[in-house]
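Here is a friendly briefing to read with the structure open beside you. Take the topics one by one and find each residue as you go.

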Amino acid sequence: MNVTLKVWRQKNTSTPGKLVQYNMANIDPDMSFLEMFDVLNGELTHKGEEPIVFDHDCREGICGSCAMYVNGRAHGPQTGGAVCQLFMRSFRDGETIVVEPWRSRAFPIIRDLSVDRTAFDRIVQAGGYISVNTGSAPDANEILVPRQIQESTMDAAACIACGACVAACKNASAMLFVGAQVSRFALLPQGQSERRERAERMVAQMDSEGFGACSFTGACAVECPASVPLETITRLNREYLGAKIISPGNDS
């Protein structure tokens with residue numbers, strides 16, 4: 001199959017970028033989207049041109065590194081999968097494919113399709129952990145957790161921190177990501193001791209990073225490759241409100 005690529009090229013954060021067109025011929029439909037980029041970069045290198053910079057690692061939809069906006073959708077036209085799991089058979093022969101980086105003030109462009117997502121790391125560092133000494137690992141069934149809680153926790157923990165929720169949101173909100181991080185601790189017994197402080201610290205860090213406010217349109221959950229449910233946002237709001245109500249010095 002033959003496709004026309006329009007790829008965002010940008011040297012660094014301070015340099016203006018633009019879409020550059022590349023014509024790809026004889027592409028195997030069973031080739032993955034990232035493999036197609038490998039072929040293109042091979043051709044560019046052979047010509048003495050700069051290859052396109054993009055992030056990738058596991059290529060199995062686990063690490064969340066492959067952050068690309070493809071034809072106006074985070075991770076491309078498929079649902080429930082990262083762009084590394086996208087195959088060229090998802091496109092038509094002769095189609096024009098526009099590839100851009102995530103667009104968010106909190107995700108500055110490093111180069112081309114690669115963006116700096118360390119804002120997510122700083123949010124996790126603000127409260128996405130359990131600091132109390134719990135001793136050695138207990139037996140698997142020592143702490144009884146209801147099945148419904150188990151399932152909800154696993155749904156939240158499925159987040160791969162790719163940033164698709166931010167890219168899909170018209171406000172560039174990170175509420176789905178933060179909601180997933182808060183939910184997976186707030187639901188389990190081990191996370192109860194710091195649940196209030198955790199919600200306050202992580203939301204404060206999210207706001208300081210420059211992410212937008214949530215208007216609850218649901219675009220984030222639709223585009224999430226890990227299918228993190230929208231209810232994690234409502235749980236985050238509940239945890240944060242509860243933390244503010246009982247915070248020391250709150251007169252309300």
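Cys-224 is buried, with a relative accessible area of 10%; buried means under 20% relative accessible area, exposed means over 50%, and partly exposed lies in between (1.4 Å probe, protein chains only). This is a predicted model, in which local features need pLDDT of at least 70 and side-chain atom pairs count only at pLDDT 80 or more, while totals for chains, interfaces and linings use all residues. Residues are numbered from 1 along each chain as its sequence is written, and side-chain values use heavy atoms, with hydrogens and water left out.

**Cysteines**

- A disulfide is a covalent bond between the sulfur atoms of two cysteines.
- Here, a disulfide is counted when a pair of cysteine sulfur atoms lies within 2.5 Å.
- How many disulfides does this rule give? The count comes to zero.
- For Cys-224, the closest cysteine sulfur belongs to Cys-162 and is 6.3 Å away, which is too far for a bond.
- Cys-220 is buried as well, at 11% relative accessibility, and its sulfur is 6.2 Å from the closest cysteine sulfur, in Cys-214, so this pair is too far apart for a bond.

**Helix H5 and its surroundings**

- Helices (H or I, at least four residues) and strands (E, at least two) are DSSP runs, numbered from the N terminus.
- Helix H5 covers residues 175–186, which makes 12 residues.
- From its first C-alpha to its last, H5 reaches 15 Å, close to the 16 Å expected at 1.5 Å a residue; the expected span is 1.5 Å times one less than the number of residues.
- Why is H5 described as largely enclosed by the rest of the structure? The reason is that 11 of its 12 residues are buried.
- Among these buried residues are Met-175, Phe-177, Gln-181 and Phe-185.
- The buried residues of H5 pack against several helices, including H2 (118–127), H4 (164–168), H6 (195–209) and H7 (219–223).
- Helix H3 is also one of the packing partners of H5, and Thr-153 lies in H3 (residues 147–157).
- Thr-153 is buried, with a relative accessible area of 8%.
- Which residues does Thr-153 touch, leaving aside its neighbours within four places in sequence? Thr-153 is in contact with Arg-184, Leu-187 and Leu-188, where contact means heavy atoms within 4.5 Å.

**Salt bridges**

- A salt bridge is a side-chain nitrogen of Lys or Arg within 4 Å of a carboxyl oxygen of Asp or Glu, and the structure holds 12 of them.
- One of them joins the side chains of Glu-223 and Arg-73 (3.1 Å, N to O). This pair links distant parts of the chain, with Glu-223 in helix H7 and Arg-73 in strand E4, 150 residues apart.
- Glu-223 is buried at 15% relative accessibility, whereas Arg-73 is partly exposed at 25%.
- Another salt bridge is formed by Arg-122 and Glu-209, whose closest N and O atoms are 2.7 Å apart. Arg-122 in helix H2 and Glu-209 in helix H6 are 87 residues apart, so here too the pair links distant parts of the chain.
- Arg-122 is partly exposed, at 34% relative accessibility, while Glu-209 is buried, at 15%.
- The side chains of Glu-239 and Arg-195 also meet in a salt bridge (2.3 Å, N to O).
- Glu-239 is buried, with a relative accessible area of 4%.

**Two loop residues with positive phi**

- His-75 has a phi near 70°, a positive value in a residue other than glycine.
- Where is His-75 found? His-75 is in the loop between strand E4 (73–74) and strand E5 (96–100), and it is buried at 0% relative accessible area.
- Asp-112, also not a glycine, has a positive phi near 55°.
- Asp-112 is in the loop between strand E6 (109–111) and strand E7 (114–115) and is buried, with a relative accessible area of 2%.

**At the surface**

- Is Leu-241 buried or exposed? Leu-241 counts as exposed, at 53% relative accessibility, and its place is in helix H8 (residues 231–246).
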